[in-house]
Amino acid sequence: MKPKTEIKEATIWRHRHILDLDDFTKDELELIFSTTDGMKDILLREIKMVPALRGKRIVTLFYEPSTRTRSSFELAAKSLSADVISITASTSSIAKGESLIDTIKTLESLGADAIIIRHPSAGAPYLAAQYSKKSIINAGDGWHAHPTQALLDLYTIKEAKGRIEGLKIVIVGDIIHSRVARSNIWGLSLMGNQVVLCGPPTLLPPSFLRAYPWVKGETVLENALEGADVVMPLRIQWERHQGGFIPSLREYIQLYQINKQRLSLCKPDVIILHPGPVNEGVEISQELSYSPHSLIQAQVRNGVAVRMALLYLLCGGQR
Amino acid sequence: MKSLLIKGGYIIDPGRNFEGKKDLLIVGDRIVWIGEGIPPQPPYIVIPASGLIVCPGLIDLHCHLREPGYEEKETIATGTRAAAAGGFTTVCCMPNTNPPLDNSATINYVLKKAEREGVVRVLPIACLTKGGRGEELVEMMELSQAGAVAFSDDAHPLKNSRILRRALEYSLMANKPIFKHCEDTQLSNDGVMNEGWVSLRLGLKGIPNAAEEVAVFRDIALAQLTGARIHLLHLSTAGSVELVRRAKEKGIPITAEVTPHHLTLTEEAVLGYNTLAKVNPPLRTMKDVKALIEGLKEGVIDAIATDHAPHQDIDKMVEFEYAPFGISGLETALASLLDLVYKGEIDLMTLLSKLTSQPAKIIGRESSLKEGSIADITIFDPKEEWVVEKEKLFSKGKNTPLIGKKLVGKVMATLVRGEIVYQDAKLKLEVR
C-alpha cells in the first residue's frame, strides 16, 4: 500500500530532549501530529519499516515496570530501522548502586543516540538531560510528566473528533499522583481546550487547582461530565486506600466510576480514553471498557506512531 | 607580645549599642585600647580598615561540622576555615555525627580536635537523647560539664511528648537551652520541598507549613509547662513566627533562630529540580520570607544561624527525591544577609545583633568590643562585590544555590583571640 502522506522535514524543531509538554509550542505539537500521520501510514503497510533511523541506537532505560510504553517505544524504534536495546534497572548494575548520571554516560559511551527513560522519581529525566550529550525522552517520571502519553492522547482525540481544540475534556480520579494528568493539562490547554479535573478532595485538593488556575475542578462527577467531549478516567491504585486517600474502593466506585448512566450526561459522541492498564470494573464499568465509545486500543495503536514521529524528529535527518 | 592596630574602621557593636569610627588596639588576645588619634604601645601591625566595618566576631549557633564520622563531607579543620572565611569566630556544632555526641568521650573528641585543628572556637551541642533515638535522656550534667553548650534533637525531631517533657525538666538543672528542631514527621511524611504550587507542578511530595507549626505549638506548650528554655531552630513559616510572638507576649522562655537562606530564597529556587535548593525545613513562599524578616526586626526571632550542612558534590548529583537535605552556608551568610540591608528591609545594627550579641545571650556568652574583652573580631567590606566560586570555598561542601551568583559584602579579616585566622587577599597589612 502506498503511503498517503510524506514525512515532512523537521523545519521548526528545536528540542534535543522530550521532557514535558510545558516546554512546547502549538506549532511544534502540530508538527508532531502531522509527522505521526505519516508514520501511521507506514504502520499500515505490509512491511512496517522505513530506514529513516538506520544505524541509530535507541536504548530504553526503565526503572519501573511497563508493558505498553516500553514495547511501544521498542517497536517504534524498530519500525524506523534503529537498533534497540532495553535495560531494566533491577537486572542491571543499577541494582549494584550505579548512579543515574553514570548510567547515562555509560550508555552514551556505548553508542546510544537516544535514551528513553522511565523513572519513579520526578525530575530524573531532567538530571539525565543535564549530563547527556545526546537525547533523553521522558517515558514517565514519578508523578510529574508523561509527555508521549499525552501526545498520543491528543492525537487520538484529534483523529476521532477531527480537531483538537475547543473541546471539553474531563480527567477523573487520582489527579495529584498522575503524570498523565499533568502532561495532558499542558498539552490540551496549549491546543485550546477546556480541561476539567474531577476527584475527591484528597486526590484533587484545592491547592492543585491553584497550581493550574486556568483548569476547572469538580468533586461531583455528574457535574463534571455535563457536555463532555472526552472522558479520561485514571487508574486508582490500592496504595491510595492504604495511604488514607480513599476510605475504600467501594466508595470510590460509587462516586467516580464511569458507567453508562453517567456517560449519558456527556455529548452523544463522547469518547473514553485511559492510559492503561485498566482496573476492570473500578474506574470504568466493565460494560464500557469495550464499548464503541472507548478508544483505548486506538490509543495503543497511535502510541507507536506518535513515538515513531518523536524519534524521527529527534534523531532522524539534520538538526 | 605582638600588637595589632585596626585603624580607620567603622565600629558597629550591638552589644553596647555603639557605632562610630574608632581605632582598636589588640595586644596578645585582648583589646586593650579603643579610641581615636595616636594609640599607645608601638610597634604594631596595622590592619587598614578605612571603609570597612569592624564588629564583634560573628557567632553561629547552628552548624554541622560532620566530624566524627562524615569526614568526606566536612571536617572540623575545613569547617572552621569556612567559618573564619565567613566572619564567624564561634560556631556551635550539632551532634548528629557518627558516633553521635551523646557522651563525654565524643564531646571531648570534638573539643580536642578543634583545639588542634580548628581555627575558630567550636562549642559542641550534645544530643538530647541517647543516639538521638528519642527514648532515653542523655547524661546532661556530665555532658554539660564536659563542655556541651546546649542539647538538641536536630535531624531527629523528638516525637514523644512525654520524653520531651522529662528532658526539659531535667535540663533545668543543667541550666542549658534545648535547641529544638520542630517537625511533625507524620505530616512532613517524606516530603522533599515546600507543599505549594511548585511541588504540585513538579510532582514532588510536599512538606506543609503545618508540619513545623504543629511542633512549634507543642514545644511552646511544654516550655510553658516546664519553664525550661527552648530555642527553636531554623523557623521557616509565617505561622511559626506568629506562635513565637504570642509565646513571648506571655513571657514563655522561648528563643528562635532563622537561617540566611530562609530570609532570602523561596521555593522557586527548586524549579528545574535544583537539589542545591533542597533543605529541611524547606524554602517556602514570599509570604513566609516577609513574615520571618518582620519577626527578625521585631525581636520575635532572636538570632540568625546558618545551619551549615555540607555535602559532597556526588551526594547532590542524584534524583531530587534521593538527594540529602542541606545548604552549605558559612561562607555566604553575611553577604547574602547584607542584601536585606541594601534593600532597606533591616538596618545593619539590628542585623549584626542577630549574629553577635543575641546568639551570645542564648548560650550565656559575651559579645562586645570593650577594652579588656577577648579580641574576637570580624572586619568586612560592605561594598566589595564577589562571585561565589566553588573552587574558592573553604568548606568541602560546595552545595549552595548561590554558586555563580554575585554577592555584595565580603569578610576581609577574622580574628580569634587576637590571631588573624582569615585574611582576604586584598587586605594588605602594614608594619609600624
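This is a predicted model: local features need pLDDT of at least 70, side-chain atom pairs count only at pLDDT 80 or more; totals for chains, interfaces and linings use all residues.

**Entry 1: the largest cavity.** I began with α9(B), which gives the most to the lining of the largest cavity, with three residues. My helices (H or I, at least four residues) and strands (E, at least two) are DSSP runs, numbered from the N terminus. For cavities I used a 1 Å grid over the protein atoms alone: a cavity is a set of points where a 1.4 Å probe fits but cannot get out, and lining residues have an atom within 4 Å of a point. Grid points are joined across faces, edges and corners, and a volume is the space filled by probe spheres set on the points.

I noted that the largest cavity has 13 lining residues, with B:Pro260, B:His261, B:Thr332, B:Ser336 and B:Leu402 nearest its centre. I sorted the lining by class and got six nonpolar, seven polar and no charged residues. In that sorting, Ala, Val, Leu, Ile, Met, Phe, Trp, Tyr, Cys and Pro count as nonpolar, Asp, Glu, Lys and Arg as charged, and the others, Gly among them, as polar. The volume came out at about 90 Å³, and the structure holds three cavities of 30 Å³ or more.

**Entry 2: ground rules.** Residues are numbered from 1 along each chain as its sequence is written, chains are lettered from A and ligands numbered from 1 in the order in which they are written, and side-chain values use heavy atoms, with hydrogens and water left out.

**Entry 3: where chain A meets chain B.** I found 23 residues of chain A in contact (heavy atoms within 4.5 Å) with 14 residues of chain B. The two chains bury about 1500 Å² between them, 62% of it on carbon and sulfur atoms. Buried area here is the accessible area (1.4 Å probe) that two parts lose on being put together, summed over both. On chain A's part, A:Ala122, A:Trp143 and A:Ala211 supply 28% of the area buried against chain B, more than any other three residues.

I then looked for polar contacts, and five residue pairs turned up across the interface, both residues at pLDDT 80 or more. A polar contact is a pair of N or O atoms within 3.5 Å; within protein, one must be able to donate a hydrogen and the other to accept it, and residues adjacent in sequence count only if both atoms are side-chain atoms. On the side of chain A that touches chain B, α3 (100–109), α4 (124–131), α6 (179–190) and α7 (206–211) each supply at least two residues. Of these, α4(A) gives the most, with four residues.

**Entry 4: salt bridges.** How many salt bridges are there over all chains? I got 34, taking a side-chain nitrogen of Lys or Arg within 4 Å of a carboxyl oxygen of Asp or Glu. Between chain A and chain B the count is zero.

Entry 5: I saw a cis peptide bond joining B:Glu67 and B:Pro68, with omega about 5°. B:Arg66 has a positive phi of about 65° although it is not a glycine.

Notes:
On a 1 Å grid over the protein atoms alone, a cavity is a set of points where a 1.4 Å probe fits but cannot get out, and a pocket is an open set with protein on both sides within 12 Å along at least five of seven lines; lining residues have an atom within 4 Å of a point.
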